[in-house]
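Student: I would like to learn how to read aromatic and nonpolar packing in a model. Where do we begin?

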Amino acid sequence: MMDRCNSSNISHQVLLDNGIIWTCIQQAILWSNFIGCILTWISFRYRKRVPILLLFASCLCDTLVAIFTYSFSVTSYWLGSWVFGQFGCYYYALSRYFFQNLSFHIIVASSMERFVSFVWPFIYDKHFAVTLVNKVLLAITLYTGLVTIIPLFGPHSIQLRYPCTYCNFDWSSPRNNAFAWVTIINNVFGVVASVFCNCIVIIILYKMAVKHHASRHVIKNERKRKMSEEKEMTFILVLTSLAFCISWVPHTVFIALRLFDSQNTLLGPDLHIFELWTSRIIYANCILTPYIYILGRRRIRSKLYNWIRREKVTKAVSPESTVATRVEIS
């Protein structure tokens with residue numbers, strides 16, 4: 001891969017096409033998660049709820065990685081090669097790994113939070129305060145940071161990847177075997193834990209819906225509203241965590257293939273294409289996550305709908321008719 005990167009076979013058209021695609025991806029990740037940060041923070045300030053805080057933390061991670069990491073790759077695409085040297089290469093690979101995995105761990109934590117809230121509601125109401133979740137987020141950040149810097153204390157291989165515009169771990173290198181195993185185990189555990197928690201929550205929600213349907217005439221309006229809000233937030237978190245799990249599976253499979261097939265006998269010359277697309281699936285999930293929250297909240301949907309209606313009514317009133325009305329009045 002390094003030989004291909006150092007060769008002169010990379011055409012200007014390849015760099016241009018990938019540069020346009022990657023610039024659009026980076027901007028989409030940045031602005032969608034920036035909007036997600038604003039909306040989740042406003043919602044959290046209005047009602048200090050743990051799920052909203054976790055969604056805000058996830059959107060913040062994706063916003064930071066778009067600004068402080070992906071911008072390096074965008075610049076390199078448009079300049080035609082990597083221009084940030086070896087230190088920049090290490091910074092890009094490590095910071096990308098850190099922010100992506102931190103966001104993934106936060107979503108896994110949100111699945112566990114929903115699991116505890118439904119399975120042990122009394123424990124949840126008593127102990128799951130915002131201060132506790134802040135400590136959990138700090139612990140997740142420290143854990144992700146420690147995992148990220150593991151390669152720096154042992155054999156490792158971080159290289160430029162085709163087409164010479166970004167850096168990543170060379171998962172096929174024997175020097176990265178230990179770190180590859182840590183990454184695979186970490187990702188598999190996160191996916192399995194998230195799927196298990198979500199399945200339990202979905203089953204409980206189904207039983208609650210059946211019970212609610214049988215006794216809906218005795219439920220008071222206030223309690224009904226709280227149940228509806230809880231189900232709404234749970235639906236958003238379950239959908240978000242499942243999307244994260246689906247997007248992270250191809251990336252984990254890619255690392256496993258490179259670990260067990262270091263000679264590249266399975267993927268062959270399409271290796272770099274598969275690597276790019278596994279990354280782009282994760283990027284697509286980062287773009288969609290804020291919109292899952294935006295479209296999942298009934299209050300936000302109603303405000304957007306009312307705003308669109310007002311805009312249509314405003315445009316329906318032509319300037320000519322407005323001027324004529326003013327003349328008649330005067």
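Student: Which residues is Trp22 in contact with, leaving aside its neighbours within four places in sequence?

Tutor: This is a predicted model. Trp22 is in contact with Tyr70, Ser73, Val74, Tyr77, Tyr92 and Tyr283.

Student: Which residues touch the most other members of the largest nonpolar core?

Tutor: The general idea comes before the case. In soluble globular proteins, nonpolar side chains tend to be buried together. Here the largest nonpolar core has 71 residues, and Trp22, Ile29, Tyr70, Ile106 and Trp171 touch the most other members. Helix H5 gives the most to this core, with 16 residues.

Student: Now the rings. How many aromatic pairs does the structure hold?

Tutor: A pair of aromatic rings is described by the distance of the centres and the angle of the planes. The structure holds 19 aromatic pairs. Take Trp41 and Phe44: the ring centres are 5.6 Å apart and the planes are at 35°, so this pair is tilted.

Student: Where do Trp41 and Phe44 lie?

Tutor: Both are in helix H2, residues 12–46. They are 3 residues apart, about one turn of the helix.

Student: What about Trp82 and Tyr92: at what angle are their planes?

Tutor: The planes are at 80° and the ring centres 5.7 Å apart, so the pair is edge-to-face. Trp82 lies in the loop between helix H4 (70–79) and helix H5 (85–119), while Tyr92 lies in helix H5. The pair therefore ties together parts that are 10 residues apart in sequence.

Student: How is burial assigned for Trp82?

Tutor: The cut-off for buried is under 20% relative accessible area. Trp82 has 12%, so it is buried. Tyr92 is buried too, with 1%.

Student: Which residues do ring pairs link into a cluster?

Tutor: The cluster holds Phe72, Trp82, Phe84, Tyr91 and Tyr92.

Student: Which residue lies over the face of Trp277?

Tutor: Arg280 does, at 5.2 Å from the ring centre.

Student: One last case. How far apart are Phe118 and Val201 in space?

Tutor: Read sequence and space side by side. Phe118 and Val201 are 83 residues apart in sequence, yet 6.7 Å apart in space, C-alpha to C-alpha. Phe118 is found in helix H5. With a relative accessible area of 13%, Phe118 is buried.

How values were computed: Residues are numbered from 1 along each chain as its sequence is written. This is a predicted model: local features need pLDDT of at least 70, side-chain atom pairs count only at pLDDT 80 or more; totals for chains, interfaces and linings use all residues. Side-chain values use heavy atoms; hydrogens and water are left out. Rings of Phe, Tyr and Trp (its six-membered ring) pair if their centres lie within 6.5 Å; planes under 30 degrees apart count as stacked, over 60 as edge-to-face and the rest as tilted. Helices (H or I, at least four residues) and strands (E, at least two) are DSSP runs, numbered from the N terminus. Buried means under 20% relative accessible area, exposed over 50%, partly exposed in between (1.4 Å probe, protein chains only). A charge sits over a ring if NZ of Lys or CZ of Arg is within 6 Å of the ring centre and within 35 degrees of the ring normal. A nonpolar core is a set of buried Ala, Val, Leu, Ile, Met, Phe, Trp, Tyr and Cys residues joined through side-chain atoms within 4.5 Å. Contact means heavy atoms within 4.5 Å.
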